[in-house]
Amino acid sequence: MPRQNSVVESAGLTTNHAPFIEQARHDGQLYIQQPYELYTGENHVAWRRLFARMGPRWERYANEHFLKGIHSLCLDPVNVPKLEDVNRFLRPLTGFQAKAVSGYVPAFLFFDCLRNRSFPTTITIRPSDQLDYLPEPDIFHDVAGHVPMHTDPAFAETLVRFGECAHTAAELVAGIRDEARQVRRLTSIIKAMARFFWFTVEFGLMRSKGGLRVYGSGLLSSFGEIEHSIVSPEVQRYPIQIEWAINQSFEIDHYQPLLFIVDSFDHLFSLVDQLEDWMRDGKLNNAAPGEPEVNERDLMSFLQKG
Ligand SMILES: [Fe+2]
């Protein structure tokens, strides 16, 4: 109906205020197209402001692979990027591509996408007067924070390994007859994987010639926390240990007080390899309680393997 269409168009694609996204969710569509014409002038202004203020901080605190990635993706500093343009530059480098989604992707599906070199990508953007951290991901977090990392072959292979670990987890629990035991074990394994992912892909620090640099996308997309993570005396920074990361709870609504350091992406890849060995050995079966919560949809996604 024309009236409905005009409402959908004028509301744009703003975080928590995007009728197009609400409709897609209502229709049960997880994977969607990016309806580029729906972005409003305000949506583009938000992108422009976010991108402009991050530039100097990336130069100072981001790892070199990210800086190279930003350059090779030719990200538009002025307008919200079109995923098809981003993918045209990205795909030849590592085979990865950004794939538009309507919202939360249950854990197994998320990791399985990574295994297939697809990255579930939020297409909405935060309001232009709320540029600081939001708990919800948006296209700035996903495309400016994550996707440049996917141009790096060693990092891309690490994401694929995470995806393979999820398949291993699904296979390991598939044979458990007792349902309560199966759910308990799977909850623990998902929790351990989610923590390891959080402390590396989302909030990781890396050693480099010039000192510590950021490679975690939660930091790369946060104007305040990228600097805080490197310079603040309030942050504990330690060489990563698997046994610590998988048992360490975290909260998402404030700056992280504890961050872990890797030496390189080859190092990170070897840790994900090791994580899978630990999973097979049963060392992820009794992760310490605490955040993150593992929800029913995450569990079902593993039990049904998607
Ligand atoms: Fe993220």
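Modeller: In this predicted model, Glu251, Asp253, Glu291 and Glu293 together form a negative surface patch. One of these residues, glutamate 251, lies in the loop that runs between helix H12 (242-245) and strand S6 (258-262). Glutamate 251 has a relative accessible area of 46% and is therefore classed as partly exposed, since that class covers values between the buried limit of under 20% and the exposed limit of over 50%.

Strand S6, at the end of that loop, leads on to the strand pairing. S6 runs parallel to S3, and two bridges join them; leucine 205 has isoleucine 261, a residue of S6, standing opposite. Strand S3 (residues 205-208) also pairs with strand S4 (residues 211-214), here in the antiparallel sense and over four bridges.

Aspartate 152 is placed in the loop between helix H7 (139-146) and helix H8 (153-174). Its relative accessible area is 10%, so aspartate 152 counts as buried, the cut-off for that class being under 20%. Aspartate 152 is also 7.2 Å from glycine 69 in space, C-alpha to C-alpha, although 83 residues separate aspartate 152 and glycine 69 in sequence.

Conventions: Residues are numbered from 1 along each chain as its sequence is written. This is a predicted model: local features need pLDDT of at least 70, side-chain atom pairs count only at pLDDT 80 or more; totals for chains, interfaces and linings use all residues. Side-chain values use heavy atoms; hydrogens and water are left out. Patches are made of residues with over 30% relative accessible area and no salt bridge: like charges are joined within 9 Å, nonpolar side chains (Val, Leu, Ile, Met, Phe, Trp, Tyr) within 5 Å. Accessible areas come from the Shrake-Rupley method with a 1.4 Å probe; for residues, only the protein chains shown count as cover. A salt bridge is a side-chain nitrogen of Lys or Arg within 4 Å of a carboxyl oxygen of Asp or Glu. Lys and Arg count as positive and Asp and Glu as negative; His and the chain ends are not counted. The place of a charge is taken as NZ of Lys, CZ of Arg, CG of Asp or CD of Glu. Buried means under 20% relative accessible area, exposed over 50%, partly exposed in between (1.4 Å probe, protein chains only). Two strands pair if DSSP finds at least two bridges between them.
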